[in-house]
Amino acid sequence: MAGFRNKGFGPTRRAALTLIGAGAFAAGGTTLARAAASGDDEVLTEAKVLRDPDVPVAGNPEGNISIIEWSDYNCPYCRKLEPELRQVVQDDGKVRLVLKDWPILGPVSVTAARIALAAKFQDRYHQAHDAMMGVSSPLTESRISELLASVGVDMDRLKSDLAAHGKDIDAILKRNNDQAEAFGFRGTPSFIVGKYRVPGVLSMNEFEQVIADARKAKMN
């Protein structure tokens, strides 16, 4: 299950995995799809999906396989999955976890994503991310402020960084959205594991198996 924008999209397991076409991640090569709003810009190149320098990375930055996660801070399935996914990444030791904020569940989700990315300018993105993912109730703007202050985010600086970097933050969120839509994702959480498209939630064992499959596919 996932935090869906569209109703009627059922649970996803390994049987629903699809291997991305070879051209999608060819460096500088043909893309799988284009986002209409981006004109002629290619949105699914390896550089833009896996190596966007403005998108935070957890796990091992030098890892030999990447998991790209599109998530929303108000998505209960993202929150439930978070500790299990982090455990898989930690246990493996060679996974880059690329964190794509994709706020699709309303205005507060957009606020949360913008604030998390603004916290990056004081090296507090991961603290902000973990704090907002670690609650069980829906976020509000006042609750977001409480959570971030509790993990050492300088709220005055956050406001100034939001004002100074707002356009850049919105551009990141637009890239994340364009990529998610081009991949055909319909809700959060959604993933790319290596070259596998994973539009839904997996268990820890299933994630471990997909990572192993992705490493084999990378070698072929």
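This tour moves through the structure one selection at a time.

The model is predicted, so local features need pLDDT of at least 70 and side-chain atom pairs count only at pLDDT 80 or more, while totals for chains, interfaces and linings use all residues. Residues are numbered from 1 along each chain as its sequence is written, and side-chain values use heavy atoms, with hydrogens and water left out.

**The whole chain**

Helices (H or I, at least four residues) and strands (E, at least two) are DSSP runs, numbered from the N terminus. Of the 220 residues, 48% count as buried; buried means under 20% relative accessible area, exposed over 50%, and partly exposed in between (1.4 Å probe, protein chains only).

**Helix H3**

Next, select residues 107-119, which form helix H3. This helix has 13 residues and reaches 18 Å from its first C-alpha to its last, close to the 18 Å expected at 1.5 Å a residue; the expected span is 1.5 Å times one less than the number of residues. Among its buried residues are Ser109, Ile115 and Leu117. The cover over the buried residues of H3 includes strand S5 (95-101), helix H4 (125-133), helix H5 (141-150) and helix H6 (155-182).

**Asp123**

Move to Asp123, in the loop between H3 and H4. Asp123 is not a glycine, although its phi is positive, at about 55°. Why does Asp123 count as exposed? Asp123 counts as exposed because its relative accessibility is 63%.

**Lys80**

Now select Lys80 in helix H2 (residues 76-92). Lys80 counts as exposed because its relative accessibility is 66%.

**The cis peptide bond**

Select Thr188 and Pro189, which are joined by a cis peptide bond with omega about -5°. Pro189 lies in the loop between strand S6 (187-188) and strand S7 (190-193).

**The largest pocket**

Finish by selecting Glu46, Leu50, Gly194, Lys195 and Lys218, which lie nearest the centre of the largest pocket among its 13 lining residues. Helix H1 (46-50), strand S4 (65-71) and helix H7 (204-219) each supply at least two residues of this lining. Which element gives the most to the lining? H7 does, with three residues.

Technical notes: On a 1 Å grid over the protein atoms alone, a cavity is a set of points where a 1.4 Å probe fits but cannot get out, and a pocket is an open set with protein on both sides within 12 Å along at least five of seven lines; lining residues have an atom within 4 Å of a point. Contact means heavy atoms within 4.5 Å.
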